[in-house]
Amino acid sequence: KLEEENHQQSLSLMVSAKMSALGEMAGNIAHEINSPLAVIRLNAEILQQMIEKEPFLKQRASLMTENLIKMVDKISQIISSMLNFARSTDSDAFVRVKVSRLLEDVLIICQEQLKQKGIRLQMDVANDLEMDCRPSEISQVILNLMKNAMDAVEPLPEKWIQIRARKDQGRIFIEVTDSGNGITQ
């Protein structure tokens, strides 16, 4: 009974931490989504004006629709990352994922914050590195490390965060290092 209560409390804390992190980043994510939406709207308005005029510039319209598709794909990727991050993982099985893809999903969520705070991000991850895990649980840990690193370097003149992933003796190591002062003993 006590073990079940501890498990439920642990799950509740994990969900609460996820929601808190998402809440903090909601403004940044909204900015990430609003930028491509503005591009989509502008291109759609220009296309509408082009359709109403003669002659119709087919090549220019084609380039604009390619841009529209890229922006929609970007929004879709942001939303997908958010949903993967927010959902419950208790019953998820371990799956094989590319570490680089896992990190990209996390970085989509905090990319705007890095930009706003002037933090340089360095990545050292082999594209073919894979691991078996529950992706949303690893994403949660990496996002928490990124948030801590951003908080640590924000007041500093030199602001950088480095993410490295490597395989050593059959194990995958993901390291998040920053230009901060570190943690006291």
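**Notebook: a predicted chain, its helices and its core**

I began with burial: of the 185 residues in the protein chain of this predicted model, 32% are buried, where buried stands for under 20% relative accessible area, exposed for over 50% and partly exposed for what lies in between, with a 1.4 Å probe and protein chains only. Because the model is predicted, local features need pLDDT of at least 70 and side-chain atom pairs count only at pLDDT 80 or more, whereas totals for chains, interfaces and linings use all residues. Residues are numbered from 1 along each chain as its sequence is written, and side-chain values use heavy atoms, with hydrogens and water left out.

**Overall layout.** I looked up the secondary structure and found four helices and five strands in the protein chain, taken as DSSP runs numbered from the N terminus, with helices (H or I) of at least four residues and strands (E) of at least two. From the N terminus on, their order is α-α-β-α-β-β-α-β-β. I then looked at contacts, meaning heavy atoms within 4.5 Å: among those in the protein chain with a separation of 6 or more, 77% join residues 24 or more positions apart. The accessible surface comes to about 12,000 Å², and 53% of it belongs to carbon and sulfur atoms; such areas come from the Shrake-Rupley method with a 1.4 Å probe, and for residues only the protein chains shown count as cover.

**Helix H3.** I compared the span of H3 (residues 99-117) with expectation: its 19 residues should span 27 Å at 1.5 Å a residue, and the end C-alpha atoms are 25 Å apart, which agrees; the expected span is 1.5 Å times one less than the number of residues. H3 bends by about 55 degrees at Cys110, the bend being the angle between axes fitted to the seven residues ending there and the seven starting there. Cys110 itself counts as buried because its relative accessibility is 0%, and 14 of the 19 residues of H3 are buried. Leaving aside neighbours within four places in sequence, Lys117 is in contact with Met150, Asp151, Glu154 and Lys159. Gly118 follows H3 and has a positive phi, near 70 degrees.

**Helix H4.** For H4 (residues 135-153), 19 residues should likewise span 27 Å at 1.5 Å a residue, and the end C-alpha atoms are 27 Å apart, which agrees. Its buried residues include Ile142, Leu143, Met146 and Met150, but also Ser136, Ser139 and Gln140.

**The core.** Which residues touch the most other members of the largest nonpolar core? Of its 36 residues, they are Val99, Met146, Met150 and Ile161. The elements that give two or more residues to this core are H1 (2-52), H2 (58-86), H3, S3 (130-133), H4 and S4 (160-168), and the largest share, nine residues, comes from H3. Such a core is a set of buried Ala, Val, Leu, Ile, Met, Phe, Trp, Tyr and Cys residues joined through side-chain atoms within 4.5 Å.

**Val99 and Leu129.** Leu129 sits in the loop between S2 (120-125) and S3 and counts as buried, at 9% relative accessibility. Its C-alpha atom is 5.8 Å from that of Val99, 30 residues apart along the chain. Beyond neighbours within four places in sequence, the contacts of Val99 include Leu129, Ala165 and Ile172, and those of Leu129 include Val99, Ala165 and Ile172.
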